[in-house]
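Hi everyone, thanks for making time.

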Amino acid sequence: IFPPIPTTFDPAGHVDARAITANVMRWMATGLAGVLALGSNGEAPLLDEAESDRVLAAAREAVPSGKLLIAGTGRESTRATIDACRRAGALGAEAVLVRPPSYYKTQMTADALIEHFRRVADASPVPVLLYNLPATGVILTLPVVATLADHPNIVGLKETSPELERLGQFTAIGGGFAVFSGWAPVIYPAVTLGAAGGILAVANVLPDRCVELYEHAGAGRHTEALALQRAITPLAQLVSSIHGIAGLKAALDLLGFHGGPTRPPIPPVSGRAREDIARALAAFTR
């Protein structure tokens, strides 16, 4: 289980490298397998390249040997994506997560996507995970993913949707191709379908509970896994699909992490939402 970590900003809106390192140190003291920096929850599209490098360097300081640092490196052009992968590798990332370009979504045909990802994988100094993010309007289909899975430097995929049918098709590719669920409310059934794990926003907030759920599901302890899934889902929704990044950062502030402000144009969380998140968190501390 990996958390897609938020990018912490100071009150002036600058990347707070010390806060990021401090947060990652706390997460790495849990059962998490590592962290994903510069994912969607890291506000990656709102950072410039120098800021992205600062975030990776700050995270790298706190990820110990035996755990993984994954970097989000998707950009709109193939050239910029390759450059981001190379910089991430130089900064110590052990794998990269690459979303498909989506601004020119109508031109992102299957052939265009295959060519893009092959060129990125050819040039990346570290293994590539595909990032299927249907919310962008570009969906990586089974034929595209199955073709790309043959590339020796494309090792897996993150599926950020509740579509278990599609996830199950991806896990059936086999051959060591690792599929991760990015949708916490379905992590239990995803693991039973063969998912290698999850990259989950709520793992920032409940790291050991998420790891415990994954372990129960993988071991066939279905009663325990289902109970944890039902317990975690309401909070997972509050810090992702309902209140988004602002909700996640509010939850971290409430837990004594460095959450901090979002970067405009993402709005701050409301007082009512913060109260709802606090009540949901309290259910795990009674």
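Let me start with a term: I'll say salt bridge when a side-chain nitrogen of Lys or Arg sits within 4 Å of a carboxyl oxygen of Asp or Glu. And keep in mind that what you see is a predicted model.

So, take Asp276 and Arg272: they form a salt bridge, with the closest N and O atoms 3.9 Å apart. That falls inside the cut-off of 4 Å. Both residues belong to helix α11 and are four residues apart, about one turn of the helix. In general, an α-helix has 3.6 residues a turn, so residues three or four places apart point the same way. Arg272 is exposed, at 61% relative accessible area, while Asp276 counts as partly exposed at 25%. There's also a network, where salt bridges with shared partners join Glu49, Asp53, Arg75, Asp83 and Arg87.

How many salt bridges are there by this rule? The count is 11. One of them pairs Glu43 with Lys249, and there the closest N and O atoms are 2.6 Å apart. This one links distant parts of the chain, 206 residues apart: Glu43 is in the loop between β1 and α2, and Lys249 is in helix α10. Buried or exposed, these two? Glu43 and Lys249 are both buried.

That brings us to α10, residues 244–254. Nine of its 11 residues are buried, so the helix is largely enclosed by the rest of the structure. Among those buried are Gly244, Ile245 and Leu252. What do the buried residues of α10 pack against? They pack against α1, α9 and α11. After α10 comes Gly256, with a positive phi near 90°.

Now over to the strands. β5, residues 154–159, and β6, residues 178–181, pair in the parallel sense over four bridges, and Glu159 stands opposite Ser181. To get from β5 to β6, the chain goes through helix α6, and this β-α-β crossover is right-handed. On to β7: β6 pairs with it in the parallel sense, over two bridges. Here Ser181 turns up again, standing opposite Gly198. β6, helix α7 and β7 make a right-handed β-α-β unit.

Last stop: His216, in helix α8. His216 is buried, with a relative accessible area of 13%. Setting aside neighbours within four places in sequence, His216 is in contact with Arg221, Glu224, Ala225 and Leu228.

Note on methods: Residues are numbered from 1 along each chain as its sequence is written. This is a predicted model: local features need pLDDT of at least 70, side-chain atom pairs count only at pLDDT 80 or more; totals for chains, interfaces and linings use all residues. Side-chain values use heavy atoms; hydrogens and water are left out. Two strands pair if DSSP finds at least two bridges between them. A crossover is right-handed if, with the strands pointing away from the viewer, the path from the first strand over the helix to the second runs clockwise. Buried means under 20% relative accessible area, exposed over 50%, partly exposed in between (1.4 Å probe, protein chains only). Contact means heavy atoms within 4.5 Å.
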